[in-house]
4 protein chains.
Amino acid sequence: MKRVGLLTGGGDAPALNAVIRGAVVRLARDRVATVGILEGWRGMLEKLSRDLAAADVAGTVGEGGTILGSSRTNPYKNPERDLPRIVANYQALGLDALIAVGGDDTLGVAAKLHKDGALQVVGVPKTIDNDLAGTDYTFGFFTAVEIAMRAMDDLVSTAKSHRRVLVVECMGRHAGWITGYAGLAAGADYVLVPEEPIDVEGLCRSLLARRKQGRLYNIVAVAEGAEFGEEHVTQVAEKDEFGHLRLGGIGEMLAKVITKKTGLESRHVVLGHLQRAGAPTAYDRVLGTRYGVFAAEMVLSGQFGKMAALQGNELKAVPLAEATGETKVLSKEFIQLMKLFYA
Amino acid sequence: MKRVGLLTGGGDAPALNAVIRGAVVRLARDRVATVGILEGWRGMLEKLSRDLAAADVAGTVGEGGTILGSSRTNPYKNPERDLPRIVANYQALGLDALIAVGGDDTLGVAAKLHKDGALQVVGVPKTIDNDLAGTDYTFGFFTAVEIAMRAMDDLVSTAKSHRRVLVVECMGRHAGWITGYAGLAAGADYVLVPEEPIDVEGLCRSLLARRKQGRLYNIVAVAEGAEFGEEHVTQVAEKDEFGHLRLGGIGEMLAKVITKKTGLESRHVVLGHLQRAGAPTAYDRVLGTRYGVFAAEMVLSGQFGKMAALQGNELKAVPLAEATGETKVLSKEFIQLMKLFYA
Amino acid sequence: MKRVGLLTGGGDAPALNAVIRGAVVRLARDRVATVGILEGWRGMLEKLSRDLAAADVAGTVGEGGTILGSSRTNPYKNPERDLPRIVANYQALGLDALIAVGGDDTLGVAAKLHKDGALQVVGVPKTIDNDLAGTDYTFGFFTAVEIAMRAMDDLVSTAKSHRRVLVVECMGRHAGWITGYAGLAAGADYVLVPEEPIDVEGLCRSLLARRKQGRLYNIVAVAEGAEFGEEHVTQVAEKDEFGHLRLGGIGEMLAKVITKKTGLESRHVVLGHLQRAGAPTAYDRVLGTRYGVFAAEMVLSGQFGKMAALQGNELKAVPLAEATGETKVLSKEFIQLMKLFYA
Amino acid sequence: MKRVGLLTGGGDAPALNAVIRGAVVRLARDRVATVGILEGWRGMLEKLSRDLAAADVAGTVGEGGTILGSSRTNPYKNPERDLPRIVANYQALGLDALIAVGGDDTLGVAAKLHKDGALQVVGVPKTIDNDLAGTDYTFGFFTAVEIAMRAMDDLVSTAKSHRRVLVVECMGRHAGWITGYAGLAAGADYVLVPEEPIDVEGLCRSLLARRKQGRLYNIVAVAEGAEFGEEHVTQVAEKDEFGHLRLGGIGEMLAKVITKKTGLESRHVVLGHLQRAGAPTAYDRVLGTRYGVFAAEMVLSGQFGKMAALQGNELKAVPLAEATGETKVLSKEFIQLMKLFYA
């Protein structure tokens, strides 16, 4: 084992640089060189790389994003053309193994390349949404939660000044991890996640009940993937200046529904890219470091075709396929915990 | 002078509570009581109030929003009904004067009430947008700039990871104060303000020029009120799921234009209510305190029909009418300064 | 079960209010009232209390400290006088059980009161230092780490400008949890914890080696409880203006040793109370909420004489005595992980 | 005018990089090259430099400290040896002028070099303490105030939990700018600055009065340069483990005095280097940018022997000597304003 490639694919997540640093430093300890592959699988296709010594990653652990760049390039979209190029570049770069850090897509490619016997691959699960199966928490998730929670904290003063409902739309197409954790942590009045259909009546009843108790404002956390029935959609759609039906995102629609049903002045905010912006939290930097070091040790001990997975406090090597199955959603216990505070 | 009313109207701004504290404490020093009027002019109409002693405002200076609440109620919409109620409540509350903290609308009402001889009024200019004439800087403005700038700072890492253009839409319907100051402070690649029509070609040329110099990403700051010509609007409008034309905000449209014209992957963020969320900066707390204390002194020295205005480092009493004239836009000098960094 | 007392004792920790909220809301769900005991055991001695309904704890989850106040009062210092008073007040307040949130001391008192059969007690472990045995992580710990890490992050620019070594003294008298986690997360050049004697030669060698690699500055994280041998103490002690020997804290002494041995300009910062200041992180608010809810459920199911403990991802009820044994120090694995980045 | 040197001397201040960026970009606009001199006057003595093109300063505006490094080297300590070296290096580097950014010392050297006719120098005043005469506000000052204020904000929760007095020691040896502004902005209970001797009795009376009004804690802001009389010093000095008298900093001593005189539990925090750590605020980045651009324009228009000075909202060129006279202390008006809130 002399040279190990390392790539980061898919949407960036806070603490990717902690993973990179962890792997580089751990491999260097065993005198193994790390070759940083640029922009995810695109870098493998186009042989874009830079050597990464320990000094190159010093001072990077606190930076958001990934110093290697990322992309959504997927070589299995055109495998006949692309797979041979990847294998050729793997050899041209003199790689003995590859650490692929990424989500569903990236790890899926890694799993196939391993299965095809083309490359010696180790995976590190990455998703800010924490919805990857096989691992308890992904790095970057708690940073996103922190950002969403601080936004809700900060919005209280303006909501209160205007006696408003503020709907905060958080990331999470398929699972409510960020929304649920941030909503719970910020003391939101109501939390809506993709795991359950939106109960408009229950929501409005709950907001009004709070007002009766003397609360002058409400914060509602909603995941971008939360859904309500067709009947509400047509209720809240607006005509634009050309007289056409206009639909907004879920946060915008929800604010309109709430205003219509309760009479409470409502506004919305879409956090969007802010949730993956800025410096990672300490929790994520430590976790990312551990993932990176562990992945390096998996390479050094020859555990290929597997990925690092957090289970309780321990990192373990599990088959890559485990991550690429179904979406990991919020547990019933957590949903019950959330509801304790607003139902 | 025994009892002075104090109300905050219009959109809330960071450091309103510093103004309130400043006025209350200064009046108390001269043994004058402050009566907090709740929810702007609505409180005067409906006689909603709470007494404010110095102890009531201790510990509030760092809170965003206004402890008195606010509203956009304007008694001059129905003056025959509402003005007599205001005068009656002013008397019923035993007020000798009223400090009205607010923007165009609130100060306009104050000016009319003063002109009508109905009330003894002193104004304090308030707008997060800093576009009120007659005063150099309003409190709350630099906090909004700070928030917008930090968002741009934080978005760099994700923009860079994906080699993207990130368009950050800031407040400012009529003037580019927040956008211009935040864009300059964050080192944005381009800044678009309502003061000048959007030069799409110049923008795209500039972004591509930066990329040629090796920059892997771009940040573009745009004010919500910046405008481009009809030809671009139809270019970027999208069909929604019902086949209808769909127009987004300026940030969304701009990201689409940029992608179309440059091929650079672009995304947008709308900061919205986040810009008035959270704790005020030190600058604004000190400034707000000074405004509040000065307004109290204007009351004590009988300078009614005027408002406190910052001119250089000094607060002065200027006629209320000065604030309610035309919008104060960015100076040519500042626009030139901005352009130094991207043209 | 109708009325449950709740107290918080010892040094305050971020997310105490999340614990309180969790317990109050969970008990209220089963129509059990919570009586907040003020200022730790002092409140039990002096019958200081306030009722806590769900509405009382709404909006408190994001506040640092404890809305109940705390103290270091220990009734076992004078048990003959104080124990009967506690029992009497427990009865006078109509309590059926007591949730005691605190560290070594508070839980020790709780354990004895339970053993004596005087009260029905459930414990929740609390220490910002994370050195309590029986539980993996205490709430508040990661907030302290976050604060210490951000301080180190922020100090880089001034250290670099002056080519300095900056020594950051963190909390931790008996264990290096905060220092180790923050140092790892901030990419500190060296980390010194109470678990191992300070290796001055190794430290200085390591800092100089970094400089040779081109690094212009160094950050050193040191726990207040880290120790070096007598020979270094006398080396670094200074004469004060009266000609007397003057010893500072470990951070101050370390900065002097480093300057003497390496010639590198060194400065120090003592974070002190800042580490327990400010709003808790999302991680801690969620964890605190879970501790509070779980403690309430322990009360409801009659698991007295025990405390809530985090083991992996699960909360479990363990004997109170487990927490009050020996200090939980950093594991060998973690120390090895830390050293990977500076040895 | 073809090549202009630029150096930053003395203690680093937030927004130095905004000054550098401003000057570099403005000079480049007129096709004048900037030569960055490293580590203050040391760089002129040892000919340490790097060319600075606009691309080199892109992305630096948000970084604390100075990308050029700084030092306290003063060539007038050994002028016979050092001045000829500076002149020789000025010529060797092909400089037509030099922009010196610094405090008392740096500008003093600049003034002398100008007077000696050795160099064409323009100055930019820099001090985080804002105590330089001739200019209203220096860049970096409001960032330091922000940091000190946030610390005080954050310390409230722990102070309140323990019913404590928290003494926060801020920078300011000769003037109370940071302490006064931060204390006012944070709503501190008492503020002690070098401009006036410490009134121990008044302080303690005021703290106790607040407690009587129901306040459970106090925050006291004290400048490191505030002083109390000899009688208090001996009262609060402690014996160390060797039996010798031990004096701490003013914050530590003050906490002890307060405890002795009031019985209130008191603690202290020394903010120290944290006050110049981290990213500059928007206000300072805009101000620093303006200073840098203005200094470049002074060079381009040949206004040597002067420095840029903020007066009201305007930057003006004033003689270098103006800055190097007496310390600018807090005005009587500001001290009166401060006292309004605690006397």
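These legends walk through several close-up views of a predicted model.

Local features are described where pLDDT is at least 70 and side-chain atom pairs count only at pLDDT 80 or more, while totals for chains, interfaces and linings use all residues. Residues are numbered from 1 along each chain as its sequence is written, and chains are lettered from A and ligands numbered from 1 in the order in which they are written.

**View 1. Chain A as a whole.** Let us start with one chain: chain A holds twelve helices and 13 strands. Helices (H or I, at least four residues) and strands (E, at least two) are DSSP runs, numbered from the N terminus. With a radius of gyration of 22 Å, close to the 20 Å that the globule rule gives for 343 residues, chain A is as compact as a globular protein of that length. Here the radius is taken over C-alpha atoms, and the rule is 2.2 Å times the number of residues to the power 0.38. Along the principal axes, the C-alpha atoms of chain A fill a box of roughly 70 × 40 × 30 Å. Of the 343 residues in chain A, 59% are buried. A residue is buried if 20 or more other C-beta atoms lie within 10 Å of its own, exposed if 12 or fewer, and partly exposed in between, with C-beta atoms placed from the backbone.

**View 2. The two domains of chain A.** Domain 1 covers 3-140 + 280-324, and domain 2 covers 144-276; such bounds come from an automatic or database domain assignment. The C-alpha centres of these two domains of chain A lie 36 Å apart. Ala, Val, Leu, Ile, Met, Phe, Trp, Tyr, Cys and Pro count as nonpolar, Asp, Glu, Lys and Arg as charged, and the others, Gly among them, as polar.

**View 3. Two loop residues with positive phi.** Glu39(A) sits in the loop between β2 (33-37) and α2 (41-46) of chain A. Phi of Glu39(A) is near 60°, a positive value in a residue other than glycine. Glu39(A) counts as buried because it has 23 C-beta neighbours inside 10 Å. Now find Asn130(A), in the loop between β5 (121-125) and α6 (141-161) of chain A. Asn130(A) is not a glycine, yet its phi is positive, about 60°. Asn130(A) has 26 C-beta neighbours inside 10 Å, so it counts as buried.

**View 4. Where chain B meets chain A.** This contact takes 32 residues from chain B and 32 residues from chain A. On the side of chain B that touches chain A, the elements giving two or more residues are α6 (141-161), β10 (245-246) and β11 (266-270) of chain B. The most come from α6(B), with seven residues. By class, this side of chain B has ten nonpolar, 13 polar and nine charged residues.

How values were computed
Two residues are in contact if their C-beta atoms, placed from the backbone, lie within 7 Å.
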